[in-house]
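Open the model in your viewer and keep the selection tool ready. The tour below goes from one selection to the next.

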Amino acid sequence: MILELDCGNSFIKWRVIHAADATISGGGIVDSDQALVAAVAGLSSLSLTGCRMVSVRSEEETSSLCALIQASFGVEVNVAQPVQEMAGVRNGYDDYQRLGMDRWLGALGAYHLAGRACLVIDFGTAAKADFVAANGEHLGGYICPGMPLMRSQLRTHTRRIRYDDASAERALNSLAPGRSTVEAVERGCVLMLQGFARTQIEQARAMWGEDFTVFLTGGDAPLVQEAAPKARIVPDLVFVGLAMACPLN
Ligand SMILES: Nc1ncnc2c1ncn2[C@@H]1O[C@H](COP(=O)(O)OP(=O)(O)OP(=O)(O)O)[C@@H](O)[C@H]1O
Ligand SMILES: CC(C)(CO)[C@@H](O)C(=O)NCCC(=O)O
Ligand SMILES: [K+]
C-alpha cells in the first residue's frame, strides 16, 4: 500500500492506494500533521510499502512531516521535485523551480488525461489557473486569492463583516443578490471565482477554439461548476500527476 499526500497551504489531502492496481483503500482531509498520522493509523489492515508527497509548504515543514511519517510508519517519503520537463509537458516558468508543485502536478495529470490542450483551474486556499498547449508546452498561469482568503480578508479588514461558518454555508443555497451581510459576502466571493473561471476559459478559447479540456479541482471546485459547464471535475488531479512524478514499486 502506498500513502499519497498533497500538502496544501491549509489542509493535507491524503489517500492510501494498493500498489498493484491503484484501488483506493482510504483517504481524507486533515488540518495538521498529527491529525494525518492519527487518520492513517486508524485504517484497518494498514501495511504501507511507500509514500509519495507533494508539498507547497516550507522546506522545514515539509521535512518535519517526512520525518514524522517515517517514524510513524517506517516508510521513506518520496517528495515530488521540480523539473523542466516530464511526460511530454514542458514547464513554462522562466525559473521552473518557482512554479508551485501542486500546479505542476495538476498540469501533468491534466495533459495525461486529456491528451490535448488543457486548462486547469484549482480552487483551494489560492485559486490558480494553468494552460498547457496541445504540444505539451505549459504556457504559464494565474494565481489569485481563493474563497478562504477573500473571506478572511473581508472579515479582518472591515469592522462590520462578522458571521459564523454555519450561516456562510446556508448563504450559498443561491447566488441572488444578498439580503444580509453573510449572503452578500459569500455570494460576492463565489461570483469572483466564477468570473475568474470564465475569463480563463475565454482566454483558452481565443487560443485554441474548442479544442481543449477544462479541468476543475481543489476543495471549492463545486462552487464554480456552473460557470464551467463543460469542465471535468477531477478532485484528485494532483494525485494523478503525483503518481507520474514519483513512481514507486
Ligand atoms: N471536506 C473538506 N475539507 C476541507 N475543506 C473543504 C472540504 N470541502 C471543501 N472544502 C473547501 O476547500 C477549500 C480548501 O481547498 P483545498 O483543500 O484544495 O486547499 P489547499 O490545498 O489547502 O490550498 P492550496 O491548494 O491553495 O494550497 C476551503 O475553502 C474549504 O472550505
Ligand atoms: C500558489 C500556491 C500557493 C497554490 O497552492 C502554490 O502553487 C505555490 O506556493 N506556488 C509558488 C508560486 C508560483 O506558483 O508561482
Ligand atoms: K493543494
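Helices here are DSSP runs of at least four residues, numbered from the N terminus. This is a predicted model.

Begin with the annotated positions. Select Tyr93, Gly100, Met101, Asp102, Arg103 and Thr181, which an unreviewed UniProt entry labels "binding site". They are spread over 89 residues of sequence and also in space, with up to 40.1 Å between C-alpha atoms. Two of this set, Asp102 and Arg103, belong to the lining of the largest cavity.

Next, select Asp102, which sits in helix H3, residues 101-114. Is Asp102 buried or exposed? Asp102 counts as buried because its relative accessibility is 14%, under the 20% cut-off. Apart from neighbours within four places in sequence, Asp102 is in contact with Val54, Val56, Lys128 and Val238.

Move on to Arg103, also placed in helix H3. Arg103 has a relative accessible area of 6%, so it is buried. With neighbours within four places in sequence left aside, its contacts include Tyr93, Lys128, Asp130 and Tyr142.

Now select ligand 2. Among the residues that surround ligand 2 are Asn9, Tyr93, Arg98, Asp102, Arg103 and Lys128. Which distances can you check here? From an oxygen atom of ligand 2, a polar side-chain atom of Tyr93 is 2.6 Å away. A polar backbone atom of Arg98 lies 3.5 Å from an oxygen atom of the ligand, and an N or O atom in the side chain of Lys128 is 3.5 Å from a ligand 2 oxygen. Ligand 2 taken alone exposes 380 Å², and the protein buries 73% of that.

Methods
Residues are numbered from 1 along each chain as its sequence is written. Chains are lettered from A and ligands numbered from 1 in the order in which they are written. This is a predicted model: local features need pLDDT of at least 70, side-chain atom pairs count only at pLDDT 80 or more; totals for chains, interfaces and linings use all residues. Side-chain values use heavy atoms; hydrogens and water are left out. UniProt positions are given in the numbering used here, feature names are shortened, and annotations may be inferred rather than shown by experiment. On a 1 Å grid over the protein atoms alone, a cavity is a set of points where a 1.4 Å probe fits but cannot get out, and a pocket is an open set with protein on both sides within 12 Å along at least five of seven lines; lining residues have an atom within 4 Å of a point. Helices (H or I, at least four residues) and strands (E, at least two) are DSSP runs, numbered from the N terminus. Buried means under 20% relative accessible area, exposed over 50%, partly exposed in between (1.4 Å probe, protein chains only). Contact means heavy atoms within 4.5 Å. A residue is near a molecule or strand if one of its heavy atoms lies within 4 Å of it. A polar contact is a pair of N or O atoms within 3.5 Å; within protein, one must be able to donate a hydrogen and the other to accept it, and residues adjacent in sequence count only if both atoms are side-chain atoms. Accessible areas come from the Shrake-Rupley method with a 1.4 Å probe; for residues, only the protein chains shown count as cover.
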